[in-house]
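Hello,

Here is the structure I promised to pass on. Please open it first, then read my notes below.

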Amino acid sequence: ERGVDTNVATTIVVNTTLSSLAALTFNCAGCVIDIQSGGTLAIDGPGLLGNGAIVKVNGGTLVVNTQAVDGGLHFQSGTQLHLISGTISGTGLIDLDAGASVLFDTGSSATIDGVTLKNGGTFTLAPASPATLTLTNGAIIDNWGLIDVQTAVDLDNGAGTNGIKNGGTFQLTSGATTTVSTKFDNLGGAPGVDVVSGVLALAGDGTGNAPFTIQSGGTLDFP
């Protein structure tokens with residue numbers, strides 16, 4: 001059984017394959033796990049990030065097999081999952097509290113492979129140049145907070161049944177076109193979709209039981 005438990009501000013660079021961790025606690029302000037190209041960090045058991053800690057997927061692979069019954073890989077308020085490029089994969093759950101964040105902000109493409117990402121915080125998509133985030137092999141983004149699409153990015157559909165479940169707010173403010181090729185379920189009771197500026201093209205199937213709000217600078221398309 002392996003684990004990492006630190007309360008000392010530090011940066012851990014992962015540039016090779018680490019054998020699976022049975023548990024992970026990363027709980028310190030300014031702490032960063034930087035998973036670089038060629039690196040793989042695999043977590044099989046309970047995981048907890050707190051006190052402002054950050055995980056960067058920076059060309060490498062984060063493998064999360066932690067199941068919901070174990071609490072998933074749990075990001076507390078103030079922590080961040082920074083997806084620069086590379087892959088988040090596995091069969092488990094990534095669970096973000098209100099006040100936690102996911103940031104996808106470079107021009108490189110990235111992949112979510114198999115995992116469920118449950119967002120109770122803010123998921124910001126703001127690549128510096130047009131990019132693609134691919135969901136594949138059963139990947140689900142389960143949003144109960146805010147997804148804020150600020151620049152040109154497409155959400156692509158890979159192998160298997162993938163999707164976005166929106167129980168919160170899905171907001172487009174980019175002024176550009178975003179095509180969502182996965183299944184998109186706008187769940188009843190949610191604040192819904194808000195297209196402030198730009199074109200939101202929902203190219204997959206799905207349901208629309210919550211509001212779709214189209215502002216004067218926005219367009220909703222079903223190609």
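**Phe212 and its surroundings**

Phe212 touches Asn186, Val193, Leu202 and Leu220, not counting residues up to four places away in sequence. Contact here means heavy atoms within 4.5 Å. This is a predicted model: local features need pLDDT of at least 70, side-chain atom pairs count only at pLDDT 80 or more, and totals for chains, interfaces and linings use all residues. Residues are numbered from 1 along each chain as its sequence is written, and side-chain values use heavy atoms, with hydrogens and water left out.

Phe212 lies in strand S25, residues 212–221. Strands are DSSP runs (E, at least two residues), numbered from the N terminus. Phe212 is partly exposed, at 28% relative accessible area. The cut-offs are under 20% for buried, over 50% for exposed, and partly exposed in between (1.4 Å probe, protein chains only). Asp194 is 18 residues from Phe212 along the chain, yet their C-alpha atoms are separated by 6.2 Å.

**The aromatic pair**

How many aromatic pairs does the structure hold? It holds one. The ring centres of Phe170 and Phe184 are 5.3 Å apart and the planes are at 90°, so the pair is edge-to-face. Rings of Phe, Tyr and Trp (its six-membered ring) pair if their centres lie within 6.5 Å; planes under 30 degrees apart count as stacked, over 60 as edge-to-face and the rest as tilted. Phe170 sits in strand S20 (residues 169–172) and Phe184 in strand S22 (residues 183–186), 14 residues apart. Phe170 is buried, at 1% relative accessible area. Phe184 is buried too, at 3%.

Best wishes

Key: Helix = DSSP H or I, 4+ residues; strand = E, 2+ residues; numbered from the N terminus.
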